[in-house]
Number of protein chains: 2
Amino acid sequence: MNTDLFKNAFPFWESLTETQRAEIVNNTTKNLCEKKTRLHFGGGECAGVQIIGSGRARVFITSPGGGDITLFRLLDGDVSILSAACMLNGMDIELDMEMETDCEIYTIPKKVYRKLYDESGAVKDYTMEMISEKFSDIMWLFNQFVFSNVASRIAGALLEHRAIEGGDELKLTHEDIAKDAGTAREVVTRILKQFQSDGLVKLTRGKITIIDAKKLGKI
Amino acid sequence: MNTDLFKNAFPFWESLTETQRAEIVNNTTKNLCEKKTRLHFGGGECAGVQIIGSGRARVFITSPGGGDITLFRLLDGDVSILSAACMLNGMDIELDMEMETDCEIYTIPKKVYRKLYDESGAVKDYTMEMISEKFSDIMWLFNQFVFSNVASRIAGALLEHRAIEGGDELKLTHEDIAKDAGTAREVVTRILKQFQSDGLVKLTRGKITIIDAKKLGKI
DNA sequence: GATTTTTCAGTGACAAAATCACATTTATTA
DNA sequence: TAATAAATGTGATTTTGTCACTGAAAAATC
């Protein structure tokens, strides 16, 4: 197995012993997950720590009614650190992950990461740092939800996708945006139409073209 | 200084060296904060790790418009662990704390806790565990906000205060509940009136008496 | 290639909740 | 006691969420 993946994902990699590295390399499994594959985390159920080799995944919470709200996305090289927290101290939150593209997922088993965590201060530091960062992200999201109106959350979602895509043509349905903005599809439709008549976007089936990103940012 | 405070607050206390304990004991400062005193955390501004010697404090986020939403409360013996995270890796979240009663607050300076954190695995483990726990709490709160209606959040807030007070007579204004439930005061007034006519609570100025906690729990 | 099925978007009606603008009542303080 | 502040009550309006559909476009199937 190519260790570049680990070297890039883990800043502590260089500080590990040969044995520790081998332990990781020999126990990590690779999975090819097709687009739309879903994984569930929570209730103590955590396979281990995951690294996204390639592709994009969406992490979200699911309502009792079935709807879901996006928390964040994982891109190439990202580490699903909440799995670590979930597994280290039985963090009792329920999360789901869905592949937005075909993905290569590498999984370091629970026990292997746990052992590493116990042995290495650098791994502890890394884990702490990543969890704190995620915590910050979630708090930011919380702020958006409780203090911003729907229009600005939708605008934010559009701009985030623009950053991911690296272009103004977003292949998104209203449903997709609804999940990111934490609202209903019909509401997105209405507000996007408003955006369109204000000259901010152009709407086509399954596609949204951003015309005026600057004004979107001001909403 | 009495070390019982630390012994009770920190499970790692026994594992520290004499020197480390002395370091904490000699550098911790005690402050008496009157009811309504406010402290701000964020933007790298963290005095250190705080232990509530006695009293009760409310931790919340503040909206640009001035309103605020309660995240959690700290009671006797609790440790304000987010300060730790804030200070360890510059977690960039803005939080405020307000004393709900007169409080004794003990502060372990940033540098002292940081040093301890670097030296002791037990302190790292403790810090990690506490942060994960807080993370879980916040995620739970997030779920409540995005998936529950206002009535059930208000019912939840009432029951939480009942648990804190240990009785059915709650000295709370509608404003107080609005902050806990993340809604407007008028909305609380209306829903409480509904609760009252349903025989769940009895309302007096500045006081809410819970009549039927069981039914409240079902909302 | 035509037909069926699925996905996506649009819309009106209504309900829930937030916001605004006050009025009223009860405590506190001067 | 009067004046002030704090807590509550209420109507009107706007925003957002929910429900129940319709029609259009794309995909899958025949």
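Predicted model: local features only at pLDDT ≥ 70, side-chain atom pairs only at ≥ 80, totals over all residues.
1. The crossing of α5(A) and α3(B) is left-handed.

2. The residues that make this helix contact can be named. From α5(A) they are A:M128, A:E129, A:S132 and A:F135, and from α3(B) they are B:A85, B:L88 and B:N89. Sorted by class, four of these residues are nonpolar, two are polar and one is charged.

3. The contact between the chains as a whole takes 27 residues from chain A and 27 residues from chain B. On the side of chain A that touches chain B, α3 (81–88) and α5 (121–147) of chain A each supply at least two residues. The largest share of that side comes from α5(A), with 16 residues. By class, the side of chain A that touches chain B has 16 nonpolar, eight polar and three charged residues.

4. DNA strand D is surrounded by 19 residues, and the closest are A:N149, A:T183, B:T173, B:H174 and B:E186. Two or more residues of the surface near DNA strand D come from each of these elements: α6 (150–165) and α8 (185–197) of chain A, and α7 (174–181) and α8 (185–197) of chain B.

5. Which element gives the most to the surface near DNA strand D? It is α8(B), with five residues. By class, the surface near DNA strand D has eight charged, six polar and five nonpolar residues.

Note on methods:
Residues numbered from 1 in each chain as written. Chains lettered and ligands numbered in written order. Near = placed C-beta within 6 Å. Helix = DSSP H or I, 4+ residues; strand = E, 2+ residues; numbered from the N terminus. Nonpolar A, V, L, I, M, F, W, Y, C, P; charged D, E, K, R; others polar. Contact = placed C-beta atoms within 7 Å. Left-handed = near helix turned anticlockwise from the far one by under 90°.
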